[in-house]
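Trainee: I have a protein model open and would like to learn how to read it. Could you walk me through the features?

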Amino acid sequence: MTWTGDPVWLADVLRAEGIKVVEYPGWKDRGHGDMGTIWGVVAHHTGNNPPGNNPGYIANHPSLGLCSQIHLSRDGVATVVGVGVAWHAGSGSYPGLPTNGANERTIGIEAENNGTEGWSPAQYDAYVRCCAAILRKVGQPASHAIGHKEWAGAAQGKWDPGGMDMNKFRADIQARLNGTNPNPNPGGFLMALNDDQQKTILTAAERINGVVRSRKLPVGQSDPVAYPHGGAAVLDAADGAFIVGKIDGLKASVDALTAAIKAGK
């Protein structure tokens, strides 16, 4: 599978990969024209020192305008800032890409990093996931994830992403593409949901917890070890119906999400 045109699916595939995603205002309408057939990803660092975090600068660079489609924070949050052509690669060359023509064929990811501070587990894991999600969508292997230094090192003297072994990076991306997760997601399945879906599920969980904890045990019955919160192991029929309904609704939501992921949406 290949993809030609703007990657309007970016936010969806990143969430499906377990990444926390923010959609920057106007991202679907931002870019320097339409993308061609997407070859892969170019990885960058911003050059900013901690604790800088400015996706708006990537969305609206004072001289370049959109200068990458994705901004990646130090804590692993991906902000999608545009889907059209971004001026991120500049002049350069790499096997499989037209000389000086990577902007129209690759998605740029700008990670908040000065290039010498190292890569936190959260940021590195999210970087791997971002690349894997995109490459899976466009049907390309990990070899189609390259560093700006590999594209423009000779032409522009670029060295980003600094401190990153690109061969190791690609191996970790390929492991995810192969179905092996080298860095398990601490956020669980909730990280694959958008903010509204997470809020709905967590609200239901809090309501269920509130129902259980509000019940009082019969006189003379001690709280079992399995319920150390001091609340209730006693539910009436209405409570049970409420909980079952919420669980059924959650299962339907998860089934729908799974089907959408399998369909490549």
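Predicted model: local features only at pLDDT ≥ 70, side-chain atom pairs only at ≥ 80, totals over all residues.

Mentor: Gladly, and let's begin with the core. A nonpolar core is a set of buried Ala, Val, Leu, Ile, Met, Phe, Trp, Tyr and Cys residues joined through side-chain atoms within 4.5 Å. Buried means under 20% relative accessible area, exposed over 50%, and partly exposed in between, using a 1.4 Å probe and protein chains only. Here the largest nonpolar core has 39 residues, and L14, I109, Y127, F169 and I173 touch the most other members.

Trainee: Which helices and strands each supply at least two residues of this core?

Mentor: Helices (H or I, at least four residues) and strands (E, at least two) are DSSP runs, numbered from the N terminus. The suppliers are helix 1 (10-16), helix 3 (121-138) and helix 5 (166-177), together with strand 2 (40-45), strand 3 (70-72), strand 4 (78-80) and strand 5 (106-111). Helix 3 gives the most, with eleven residues. There is also a second, separate core of eight residues, including W39, V42, A102 and A152.

Trainee: What is I109 in contact with, leaving aside its neighbours within four places in sequence?

Mentor: Contact means heavy atoms within 4.5 Å. With those neighbours set aside, the partners of I109 include V41, V42, I70, L72, Y127, C130 and I134.

Trainee: How many disulfides are there?

Mentor: A disulfide is a pair of cysteine sulfur atoms within 2.5 Å. By that rule the count is zero. Take C130: the closest cysteine sulfur, in C131, is 6.7 Å from its own, too far for a bond. C130 counts as buried at 0% relative accessibility, and C67 counts as buried at 6%.

Trainee: Where does N103 lie, and is N103 buried or exposed?

Mentor: N103 lies in the loop between strand 4 and strand 5, and is buried, with a relative accessible area of 11%. The side chain of N103 reaches the backbone nitrogen of H88 at 3.2 Å. Leaving aside neighbours within four places in sequence, N103 is in contact with residues including M35, V85, W87 and H88.

Trainee: In what order do the strands form the sheet?

Mentor: Strands of a sheet pair through backbone hydrogen bonds, either parallel or antiparallel. Two strands count as paired if DSSP finds at least two bridges between them. In this model, six strands form an open sheet in the order 1-4-3-5-2-6, with mixed pairing. The edge strands, strand 1 (21-23) and strand 6 (145-147), each pair on one side only. Strand 1 and strand 4 pair in the parallel sense over three bridges, and V22 stands opposite T79 in strand 4.

Trainee: Which strands does helix 3 touch?

Mentor: Helix 3 packs on the sheet, touching strand 2, strand 3, strand 4, strand 5 and strand 6. Helix 4 (residues 148-156) packs there as well, touching strand 2 and strand 6.

Trainee: And how many helices and strands does the protein have?

Mentor: The secondary structure comes to seven helices and six strands. Of the 265 residues in the protein, 42% are buried.

Conventions
Residues numbered from 1 in each chain as written. Heavy atoms only, no water. Polar contact = N/O pair within 3.5 Å; in protein donor to acceptor, adjacent residues only side chain to side chain. Axes fitted to C-alpha atoms, helices over the stretch in contact; angles between N-to-C directions.
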